[in-house]
Amino acid sequence: MKTTSVRLARAAAAVSIATGLALAPVLGAGVADAHVVARTSGIGEHGFGVVTFMVPNESDTAATTELKVAFPGIKHLLPEAKPGWTAHVAKNDQGAVTEIRWAAVPGTPGIPIGQFAEFNVSGGPFTGELTLPATQIYADGETVAWDQATGPGGEEPEKPAPTINAASEASSSSSSDGLARWLGGAGLLAGVAGVGAAIAAMRARRNDAAGTASAKADSDG
């Protein structure tokens, strides 16, 4: 039982490490390369989940005070409440979200020089690979449009648009759920086996005790 538990723990750790390695390039790109990037979290087979925009301040002179992100008409989408920021949601005639604009509240620092911030939205459905152009505005009036597509040969442009792959996330989520169920089932089986072994051992001890008592009674008689 102990060996089984150790193996399960190692398997879970391997999954955690693999997930971290998969996210590392995305997380690193957001800060090290000073790009506005997007990553997904928990998007299931129906396309609902959370999208996080990582926004680094790459200016040497001014704070970031505004962020605008364009969406391709997402039916259900809510921005997360963020202290020091307001969020305005724009919709089309069908009621689908086409843009969310975050603005720093006057008198607050926004995103200071040399720092970054995350902006979360929750909803969906997100389907396939989506490009989500973003516009970053600084306190001194500078505007940076993150809206360039990746080149035909895969080369990264100077101002790449944030992208997500909802289909890949949903597939990964499904695989993770399957592994979690397998690990849970294996743990349950191991637990049942342990209980069974304990009961068998108790019965064996009782039988031994009963046999000893019977033998002693015969000897005394």
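Start with a cut-off: a residue is buried under 20% relative accessible area, exposed over 50% and partly exposed in between, with a 1.4 Å probe and protein chains only. By that rule, 29% of the 221 residues of the protein count as buried. One caveat before you click on: this is a predicted model, where local features need pLDDT of at least 70, side-chain atom pairs count only at pLDDT 80 or more, and totals for chains, interfaces and linings use all residues. Numbering runs from 1 along each chain as its sequence is written, and side-chain values use heavy atoms, with hydrogens and water left out.

Now show the whole chain as a cartoon. You'll find two helices and 11 strands, taking helices as DSSP runs of H or I with at least four residues and strands as E runs of at least two, numbered from the N terminus. Walk from the N terminus and the elements read α-β-β-β-β-β-β-β-β-β-β-β-α.

Next, select β1, β2, β7 and β4. In that order they make an open sheet of four strands with antiparallel pairing; pairing takes at least two DSSP bridges between two strands. Color β1 (37-41) and β4 (76-79): these are the edge strands, each pairing on one side only. Neighbouring strands in this sheet are turned by 25 degrees against each other on average, direction ignored, using axes fitted to C-alpha atoms and angles from 0 to 180 degrees between N-to-C directions.

Zoom in on β1 and β2 (residues 49-56), an antiparallel pair with five bridges. Which residue of β2 stands opposite A38? Pick F53.
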